[in-house]
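Keep the viewer open as you read.

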Amino acid sequence: MKPAVFSYSAPESIEEALGLLAEHGSEAKVLAGGQSLVPLLNFRLARPAHIVDINGIGELSYISSNGSLRLGALTRLTAVEESGDVSSGHPIITRAVSHIGHRAIRNRGTIGGSLAHNDPAAETPALLLALDSEVTARSAGGERTLSAQELVGDRFFETSLGDDELLTEIRIPALAASSGWGFQELSRRHGDFALAGVAAVVTMDGGAISSAALGAFGGAYAARLPEAEAALVGAEAGEAAFAAAGERAAAEFPTTSDVHGSEEYRRHLIGVLTGRALAEATSNTGGENG
Amino acid sequence: MAETITVVLDVNGVGKEISVEPRKTLADAIREDLGLTGTHLGCEHGVCGACTVLMDGEMVRSCLLFAVQGAGAEITTIEGIGDGGELHPMQRAFSEYHGLQCGFCTPGMILAGIDVLRRNPDPGPQEIREEMGGNICRCTGYQKIVESVQAAAAEMSKEGVSA
C-alpha cells in the first residue's frame, strides 16, 4: 500500500506545468486534489514516472459568475459547495457536489480533477453533461475549447485530453429563467459512490416541457439520455410523461453489472430516478426553490 | 537511493525539517519521521478516515496527501488538540460516553467530531451521522460515538469553548 517511486515537481504557474507535461508526456500524471489518483498510486494500479502537482497554482482556483459560471479546474469541491455564486445561479451543482464523497474528500478534491478522472459512478461528469458545460484545455502548444461531451462522452476513467494537456477551466451556461432542475442519486450509504443517479434540467413553456437535458451516472460511463429527452419535448409535465421518459432512460442508459448491483437493478434505478428528477425539476421551475 | 526532498512540516505548532521521498504519504511522515503515532492508518486509500488530520483547519486524509504537500501548512494531529496534559472536551466526551472500544478509529473520529462542531456547534444525531460518515468504526456501532459528539457539543457550549 505504498506508491511506486516517482519523481515530483510542483509548478507555480500554468505555463510551468504545461512545460513539464510537454517534457514528460505520457510518463507524467497531474496531481490535483489526489482523492482518486492517490488511492490508485497507493494500490500501484497507476505507476506514473513523474507527478506534476498543480496544487501550488493559485490561478487555477476561482469561482466567477455573471449568470454563466466559470470554475477554475483546481477549485476545491468544498469551495464549490459553499459558494453563494454557485448556489444562487446553479443550485443543482451545490446539491450534486454535496453527494461527492465525504467532507474530508471534498476539502481536497477538485471539480476539474473529478471531471478529468471520469469515474462512471461519479456525479461530476454526468452533471456537467446535463448542464451543457464546456472546458478549456491548455498545452504548451495552445489552448482549445471542448464540450463536456467531447471531453468525457462514451469514455470511462479517461478523457479526450492529450498527455500534454491540462484542464484549466469549466464553464457552465446560465440556466433559463423558465427552467428547473432535479438531482437524484441512490447509494448504499451517504457519501458512497452512486449505484445510479440522474441530473435533470427542464425548460417549461406554460405546462408543457420545451426542452430537457438528462445526465446519468452509475453505469458503464456517464451519458446524456437523448431518447428520454426527445420524448419529453412538447409533453405536458406530469406522471405519464415522467414514466415514459423513465422507461426510455432505463432502456438507453449504458449500464453494467458489478458487485454493488446488477445491470438489471441499475437499469431499473435509472428509470425510477429519471422520473423523480423530472418531478423535482418541473416543481421548481422559475427559480422557486432557488 | 531514490530522490529525496527536504521539507519543513509544521505539526501541532512545531516545525521540523525532514527529508523524504516524494512518494511518502503525509500520514507515514507524521508517524515515522515525526514520531507522532496517534495518527492511525487503516485502509491507506481514503475510505476509513482513521488518518484524518486538520490541515489549515480543514479535515483531510493524510494517507491521500504526500508529505511534500504539507510544506507551508499548519497541520494538527490528535496529539495537538488537548491543552498540555488536559484532554480536549471531545476526548473527554469519548472517554465518558464510551465513544471508543479498541481505539483504532478514535483519533480520526475525534478530529472529525471537532470539525463537525466547528461548522455547527449544536448538530442533531442525524447530522452527526451524515457528517461523520467518512469515518469507519468496527466496534461501537456508532451509537456511542454520536452520543459522545453530542455530549462534547453540550459541554463546549457550556464552557463557551469553540471547536
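Start with the contact between the chains: 27 residues of chain A and 28 residues of chain B take part in it. Keep in mind that this is a predicted model.

How much area is buried between chain A and chain B? About 2300 Å², and carbon and sulfur atoms supply 60% of that. On the chain A side, the residues that lose the most area to chain B are Y8(A), R103(A) and R108(A), which together make up 23% of what that side buries.

Now for the polar side of things. The rule picks out nine residue pairs in polar contact across the interface of chain A and chain B, with both residues at pLDDT 80 or more. As for salt bridges, the rule finds two across this interface. One to look at joins the side chains of K2(A) and E44(B), with an N to O distance of 2.8 Å.

Which elements of chain A give two or more residues to the side that touches chain B? They are β1 (7-9), α2 and α6 (103-108). Of that side, α6(A) provides the largest share, with five residues.

To find F43(A), go to the loop between α2 (37-42) and β3 (50-53) of chain A. Its relative accessible area is 39%, so F43(A) counts as partly exposed, a label that covers the range between under 20% for buried and over 50% for exposed.

Definitions and conventions
Residues are numbered from 1 along each chain as its sequence is written. Chains are lettered from A and ligands numbered from 1 in the order in which they are written. This is a predicted model: local features need pLDDT of at least 70, side-chain atom pairs count only at pLDDT 80 or more; totals for chains, interfaces and linings use all residues. Side-chain values use heavy atoms; hydrogens and water are left out. Helices (H or I, at least four residues) and strands (E, at least two) are DSSP runs, numbered from the N terminus. Buried means under 20% relative accessible area, exposed over 50%, partly exposed in between (1.4 Å probe, protein chains only). Contact means heavy atoms within 4.5 Å. Buried area is the accessible area (1.4 Å probe) that two parts lose on being put together, summed over both. A salt bridge is a side-chain nitrogen of Lys or Arg within 4 Å of a carboxyl oxygen of Asp or Glu. A polar contact is a pair of N or O atoms within 3.5 Å; within protein, one must be able to donate a hydrogen and the other to accept it, and residues adjacent in sequence count only if both atoms are side-chain atoms.
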